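Subject: Structure handover and findings

Hello,

I am passing on the structure we discussed, placed directly below. My notes on it come after.

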Amino acid sequence: MLDLTPKELKTREALRINPCKTCQPVGAMYAALGVHRCMPHSHGSQGCASYHRTFLSRHFKDPAMASTSSFTEGASVFGGGSNVKTAVRNVFEIYNPDIIAIHTTCLSETIGDDMNVYIQDMDIPEGKYVVHTNTPSYVGSHINGFYNMMSGFINYLSKKTGVSNGKAAIFPGFVNPGDMRETKRLAKLMGVPYIMFPDTSGVMDAPMTGRFEMYPRGGTTIPEIISLGDCKKVIALGTITSAEPAELMKKKFKIPFSLLPLPMGIEATDRLIMELAGFSMQDVPYELEEERGQLVDILLDSHQYTYQKSCAIFGDPDTVLGLTAICTEMGMIPKYVITGHPKEDFVREADALFGKYGLTDCKARANADLFELHQLIKNDPVDILIGTSYGKAIAKAEGIPFVRAGFPILDRYVHSYLPLVGYSGTMRIVEKITNAIMDETDRNCADEDLEFVM
Amino acid sequence: MNERSRTLDKYSSRVYKNRKEHLVQIENAPGSQEITANTRTVPGIITNRGCCYAGCKGVVVGPLKDVLVITHGPIGCGYYSWGTRRNKAVAEEGGQNYVPYCFSTDMQESDIVFGGEKKLENAIAEAVEIFSPKCIMICSTCPIGLIGDDVQAVAKRTEMKYGITCVAYSCEGYKGVSQSAGHHIANNGLMKYIIGTGDKRPTKKYSLNILGEYNIGGDGWEQERILKRIGYEIVTVFTGDGSVETMKNAHLADLNLVMCHRSINYVAEMMKAKYGMDWLKVNFIGVGATMQSLRDIAKYFGDPELMARTEEVIQDELAQIAPDMEYFKSKLKGKTAGIFVGGSRSHHYQALLRDLGVETIIAGYEFAHRDDYEGREVLPFIKEDADSKNIENLVVGPDPKLYKPKFSEAEIEKLREEIPLDTYAGMMREMKEGHIVVDDYNHYETEMLIKLMKPDIFFSGIKDKYIIQRGGTPSRQMHSYDYSGPYAGFRGAVNFGRDVTMAIFTNAWAFVVPPWKTQSVIKGSLTGGEEAC
């Protein structure tokens with residue numbers, strides 16, 4: 001497996017090998033799917049929409065509906081205005097969404113299509129909406145696409161009436177429907193009235209009913225997005241993913257925000273709970289205290305199997321930071337912590353986590369790829385690898401246990417339904433990591449060392 | 001109104017005018033009706049089509065195992081086409097296998113503004129330093145043509161500088177109307193720079209190339225297994241588990257077998273023109289189709305010993321799979337199917353489904369041309385539009401040294417009476433009265449046709465799979481085989497039978513409707529009555 005990967009690390013400046021990120025538009029498409037009765041629209045070649053729908057369907061094992069401007073060479077020369085106008089008309093006629101959320105592509109960005117002008121020229125049916133965001137694929141990663149689409153919705157739709165709706169706007173970050181459900185459960189338990197935006201639960205984890213619904217029940221509604229401007233506070237989860245939309249809310253509507261890490265691990269979840277308590281001015285219910293206590297109990301019970309075990313973690317920046325927090329709380333050494341997303345804040349935050357636990361030999365890298373990670377592991381191995389599906393080749397090549405977490409997971413089922421966030425999500429990750437390490441011990445130990453009680 | 005009219009009924013007049021030409025309900029079968037194909041998709045329609053890059057890199061070039069393929073562009077295109085098409089490959093002894101890797105120039109804003117050639121050349125330098133590949137291929141994504149990067153010049157400079165083979169494809173996503181343009185561009189590149197550059201002659205009496213076989217799920221390996229059993233030598237495969245190392249000798253084989261007509265017919269035709277090599281349309285999907293193809297190949301060589309050996313292998317293979325096939329047929333007989341895939345499989349799989357007693361009542365292609373539906377005899381009548389004219393139509397003439405046709409024109413005419421030599425009859429002729437054929441199928445038509453025609457199972461891609469399944473129809477992916485396979489040849493037929501049976505009969509279907517939807521949860525009790533005690 002990956003036999004051509006040499007141990008020797010060489011500096012690369014131009015060649016990306018086995019990337020750990022993808023392009024902006026897929027993030028925008030995912031964010032738009034988190035809006036109720038919304039049709040994401042890709043303004044570019046058909047291939048973009050096709051790749052992104054494929055990719056999301058493979059991760060969620062659910063339909064990912066989106067339309068495309070179907071650029072041809074002619075459109076690429078003369079501009080895509082006519083294509084997008086025809087497309088919007090056809091989408092409303094045939095698929096009847098309440099809103100179309102357009103994102104651009106490297107193609108339409110390179111030729112300089114001005115979406116503002118095109119949208120102004122459109123005949124949009126009464127009561128329907130068209131919004132857009134710019135998602136040049138050559139800037140940042142799918143993470144930028146996700147928050148740019150959020151900002152697109154806010155810019156077009158959100159209004160401040162001057163009368164507060166008394167709610168918290170919760171930005172969940174680039175996470176699975178299972179995580180959004182868990183975050184909403186925490187908010188409810190803490191008595192916080194909220195608008196979660198975006199919200200792909202009930203869309204990308206919709207149930208089998210025997211009837212295909214193009215627009216399932218889930219998703220943030222348009223009135224909710226409009227009402228974001230009247231929220232009391234923004235609770236933005238994922239310091240890298242949710243920072244820009246949170247700042248936009250502050251700039252546009254003077255709504256204060258708290259920018260928190262994804263609630264992964266005890267400390268980060270504690271921070272969210274304290275934040276929610278501060279908002280609702282309610283005591284933390286016993287139900288949550290019980291969950292937290294159970295989690296601490298589990299960490300103490302199982303620590304001997306994870307303490308000082310080394311791991312490599314890769315994937316999206318906020319998810320990786322969250323997984324790193326969990327691993328440090330388990331007493332592990334997150335030796336390599338890597339994201340493909342090119343924002344150096346990631347390194348600073350990872351270093352802060354290392355510093356908190358006095359870890360000096362750990363390395364965090366932004367704008368990195370899996371080829372580099374593999375080479376690092378070849379030079380100085382780890383006990384376990386944690387990340388997305390593409391890590392399985394490294395795990396197989398190096399014979400190390402592998403735990404899947406994050407985006408994308410293309411080769412397993414159920415993962416997107418269950419959380420990584422909150423005390424319960426953390427419990428799930430702790431179980432996965434501990435079991436993977438213990439299974440490895442069982443498989444490799446001498447017969448006389450096989451323990452029936454561990 | 002028939003099913004076709006009812007499906008088209010929802011469209012506005014503008015969309016109707018376009019789509020009605022792409023949707024045919026078979027009349028006066030068996031015969032062929034005209035269908036419009038290989039034209040632009042209506043913007044906004046949720047088409048299943050991909051782009052030119054996907055056809056070039058994703059389909060044809062990507063599976064070549066000894067080639068380091070660099071996607072020149074922003075990160076997405078390379079990322080999405082990384083390890084997702086299941087083109088299985090094993091390195092030749094001492095050779096390299098790049099299939100599990102993804103290489104990209106990961107272009108940034110400054111590269112778009114100031115040009116990306118420099119970055120591409122630096123990426124090649126780094127690739128050469130780390131991997132020492134014998135061959136590099138460059139696949140362009142949308143921005144490349146727009147910003148004017150000259151990838152062909154970079155390829156030339158790379159060959160000069162490093163003494164390796166380097167081929168660049170200007171397969172920007174927006175070119176043509178679907179993946180099809182990318183197939184053509186890839187075919188042209190392979191013809192210009194790879195085929196005919198080797199001189200290693202086959203050693204066996206009869207040698208073959210398999211064209212348009214991408215070894216998805218190991219399909220190509222099953223075909224090779226059977227052909228080798230009969231005694232053929234396989235010179236190269238285009239391109240599943242294929243390599244430049246073997247492809248350069250492709251012109252020295254005796255005969256080209258064409259599996260996927262759509263994606264590779266250009267190479268077959270050009271090799272015929274340049275080397276006088278015949279091509280034979282084969283179909284190794286289905287037991288009956290496989291037997292027919294094996295017999296056709298033997299007939300081409302006309303050697304009684306070869307024909308006898310072919311029969312011997314067929315009988316032995318049949319005996320091995322007969323009990324399994326019989327069982328699956330007993331489960332599936334009388335069922336109906338719909339199938340929407342690429343540009344060949346919707347035809348190929350009808351044969352295999354027939355073996356299992358399943359009739360295909362809806363069939364569609366994503367990016368086929370009229371000849372794939374109606375047969376190659378319509379080729380002179382196809383009107384080229386601007387989108388197709390933008391794709392280079394490479395014309396080659398006879399090679400002064402290597403042009404050696406095996407048969408005279410008269411002999412070929414005679415062979416054609418028996419075998420599909422240098423020709424393809426298309427899919428539609430095999431479809432029955434009332435059956436539906438769709439070109440450039442889309443989400444709405446898929447859903448509508450399933451509602452109207454009620455097939456027992458539907459085969460399509462991942463974008464459709466969960467839509468169809470959610471609607472209550474068993475659904476299998478025909479691009480990736482839902483990570484199963486091989487489905488080709490004799491053993492593959494059994495795998496397919498098993499998978500289709502499983503999709504229809506899996507236990508979970510029984511739970512779709514919860515009991516409270518069909519039974520009352522409120523227990524009635526009589527009021528005013530007297531309780532017995």
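Predicted model: local features only at pLDDT ≥ 70, side-chain atom pairs only at ≥ 80, totals over all residues.

Salt bridges

A search over all chains of the whole structure gives 66 salt bridges. Side chains of opposite charge can pair when their charged atoms come close.

Arg181(A) sits in helix H8 (residues 177–189) of chain A, and Asp205(A) in the loop between strand S7 (194–196) and helix H9 (222–227) of chain A, so the bridge ties together parts that are 24 residues apart in sequence. Arg181(A) is partly exposed at 40% relative accessibility, whereas Asp205(A) is buried, with a relative accessible area of 6%.

In chain A there is also a salt bridge between the side chains of Lys356(A) and Glu267(A), with an N to O distance of 3.1 Å. This pair links distant parts of the chain, 89 residues apart: Lys356(A) belongs to helix H14 (residues 345–356) and Glu267(A) to helix H11 (residues 266–280). Lys356(A) counts as partly exposed at 46% relative accessibility, and Glu267(A) counts as partly exposed at 36%.

In chain B, Lys272(B) forms a salt bridge with Asp422(B), and the closest N and O atoms are 3.1 Å apart. The two residues are 150 residues apart and link distant parts of the chain: Lys272(B) is in helix H12 (residues 261–275), Asp422(B) in the loop between helix H18 (409–416) and strand S12 (436–439). Asp422(B) counts as buried, at 9% relative accessibility.

As for the network, salt bridges that share partners join Arg12(A), Arg16(A), Lys21(A), Asp369(A) and Asp106(B). Its members come from chain A and chain B.

Surface patches

A negative surface patch is made up of Asp447(A), Glu448(A), Asp449(A) and Glu451(A). One of these, Asp449(A), is in the segment after helix H17 (422–444) of chain A. Asp449(A) has a relative accessible area of 45% and is therefore partly exposed, as the cut-offs for that class are 20% and 50%.

A nonpolar surface patch of about 480 Å² is formed by Tyr413(A), Val414(A), Tyr417(A), Leu418(A) and Tyr483(B).

Backbone geometry

Two cis peptide bonds in chain B may be worth a look. One runs from Phe238(B) to Thr239(B), with omega near -5°. Thr239(B) is part of strand S7 (residues 233–239) of chain B. The other runs from Gly485(B) to Pro486(B), also with omega near -5°. Pro486(B) is in the loop between strand S14 (475–477) and helix H21 (489–505) of chain B.

That loop between S14 and H21 of chain B also holds Asp482(B). Asp482(B) is not a glycine, yet has a positive phi of about 50°. With a relative accessibility of 13%, Asp482(B) counts as buried.

A positive phi, near 55°, is found for Arg37(A), again a residue other than glycine. Arg37(A) is in the loop between helix H1 (24–33) and strand S2 (38–43) of chain A. The relative accessible area of Arg37(A) is 24%, and Arg37(A) is partly exposed.

Leu280(B) is in strand S9 (residues 278–281) of chain B and is buried, with a relative accessible area of 0%. Not counting residues up to four places away in sequence, Leu280(B) touches Leu255(B), Asn256(B), Leu257(B), Val258(B), Asp296(B), Ile297(B), Ile419(B), Pro420(B) and Leu421(B). Ala268(B) is 12 residues from Leu280(B) in sequence, and their C-alpha atoms are 9.0 Å apart.

Ser81(B) is in the loop between helix H4 (75–80) and strand S3 (103–104) of chain B. Ser81(B) is buried, with a relative accessible area of 14%. Which residues does Ser81(B) contact, leaving aside its neighbours within four places in sequence? They are Tyr51(A), Tyr53(B) and Lys57(B), and Tyr51(A) is in chain A.

Regards

Definitions and conventions: Residues numbered from 1 in each chain as written. Chains lettered and ligands numbered in written order. Heavy atoms only, no water. Patch = residues over 30% accessible without salt bridge, like charges linked within 9 Å, V, L, I, M, F, W, Y side chains within 5 Å. Areas by Shrake-Rupley, 256 points an atom, 1.4 Å probe, with all protein chains shown as cover. Salt bridge = Lys/Arg side-chain N within 4 Å of Asp/Glu carboxyl O. Lys, Arg positive; Asp, Glu negative; His and termini not counted. Charge placed at Lys NZ, Arg CZ, Asp CG, Glu CD. Helix = DSSP H or I, 4+ residues; strand = E, 2+ residues; numbered from the N terminus. Buried < 20%, exposed > 50% of the residue type's maximum accessible area, 1.4 Å probe, protein only. Contact = heavy atoms within 4.5 Å.
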